[in-house]
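Keep the structure open as you read.

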Amino acid sequence: IDDFVVQSTSTVNFKVGSAVLLPEGKQNLDQVAQTALTMKGYLLEVTGFASADGDAKKNKVLSQKRAQAVIDYLVETHNIPLRRISTSYGFGELQAVADNATLEGREQNRRVEVKVLASRGINQNVEVRTSQEEK
């Protein structure tokens, strides 16, 4: 039952120094919730990140606030049960997906990743999906 497979990954981006969800991010989360609520035995993994702008400690806190903003939206807007959300984590500047030396890279690094995981024990025919939803 605790053998999970990633079904989809969605990325929600944020403005500099902000943990406020943008309309585009809310649309991505609406899709995540739609996908998750059609599944049995799903779990959402929410991880926050920040670019290398500013203080590393503040960025760690900011990345956790971003992850919490995503969780709040999913719970309050879509009634996702808390038991379906794994412990979130704010990585701060760690695990950059792009070069922090460029404006575009920093924009990509200011993000929260939401993975929809499916339990293989409950969903016998679960396959690993490679489609990735960006922005």
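## A residue with no exposure

Ala67 counts as buried, at 0% relative accessibility. The cut-offs here are under 20% relative accessible area for buried, over 50% for exposed, and partly exposed in between, with a 1.4 Å probe and protein chains only. Ala67 sits in helix H2. Leaving out residues up to four places away in sequence, Ala67 touches Val46, Thr47, Gly48, Ser88, Tyr89 and Val112, where contact means heavy atoms within 4.5 Å. For one of these, Gly48, the C-alpha atom is 4.8 Å from that of Ala67, and the two residues are 19 apart along the chain.

A word on what you're looking at: this is a predicted model, with local features needing pLDDT of at least 70 and side-chain atom pairs counting only at pLDDT 80 or more, while totals for chains, interfaces and linings use all residues. Residues are numbered from 1 along each chain as its sequence is written, and side-chain values use heavy atoms, with hydrogens and water left out.

## The overall layout

Stepping back, the protein has 3 helices and 5 strands. Read from the N terminus, the order is β-α-β-α-β-α-β-β. These elements are DSSP runs numbered from the N terminus: helices are H or I with at least four residues, strands are E with at least two.

Of the 135 residues, 44% count as buried. The protein exposes about 7,600 Å², and carbon and sulfur atoms supply 50% of that; the areas come from the Shrake-Rupley method with a 1.4 Å probe, and for residues only the protein chains shown count as cover. What share of the contacts with a separation of 6 or more comes from residues 24 or more positions apart? That share is 79%.

## How H1 meets H2

Helix H1 covers residues 23–37 and helix H2 covers residues 56–78; their axes come within 10 Å and cross at roughly 60°. The axes are lines fitted to C-alpha atoms, for helices over the stretch in contact, with angles from 0 to 180 degrees between N-to-C directions. H1 and H2 are therefore oblique to each other, given that angles under 35 degrees count as roughly parallel, over 145 as roughly antiparallel, 65 to 115 as roughly perpendicular and the rest as oblique. The crossing of H1 past H2 is right-handed, meaning the near helix is turned clockwise from the far one by less than a right angle.

On the H1 side, the contact is made by Lys26, Leu29, Asp30, Ala33 and Leu37, and on the H2 side by Val70, Tyr73, Leu74 and His78. Sorted by class, that comes to 6 nonpolar, 1 polar and 2 charged residues. Here Ala, Val, Leu, Ile, Met, Phe, Trp, Tyr, Cys and Pro are nonpolar, Asp, Glu, Lys and Arg are charged, and the others, Gly among them, are polar.

Leu37 belongs to H1 and is partly exposed, with a relative accessible area of 45%. Setting aside neighbours within four places in sequence, Leu37 is in contact with Tyr42, His78 and Ile80.

Val61 lies in H2. Is Val61 buried or partly exposed? At 45% relative accessibility, Val61 counts as partly exposed. Its C-alpha atom is separated by 7.0 Å from that of Gly90, 29 residues away along the chain.

## Loop residues worth a click

Most residues other than glycine have a negative phi. Asn79 has a positive phi near 55° and isn't a glycine. You'll find Asn79 in the loop between H2 and strand E3 (89–90), exposed at a relative accessible area of 61%. Gln95, also not a glycine, has a positive phi of about 60°. Gln95 is in the loop between E3 and helix H3 (103–109) and counts as partly exposed at 48% relative accessibility.

Gly17 is in the loop between strand E1 (4–13) and H1, and is exposed, with a relative accessible area of 59%. Not counting residues up to four places away in sequence, Gly17 touches Leu62 and Arg66. The C-alpha atoms of Gly17 and Asp53, 36 residues apart along the chain, are separated by 8.6 Å.
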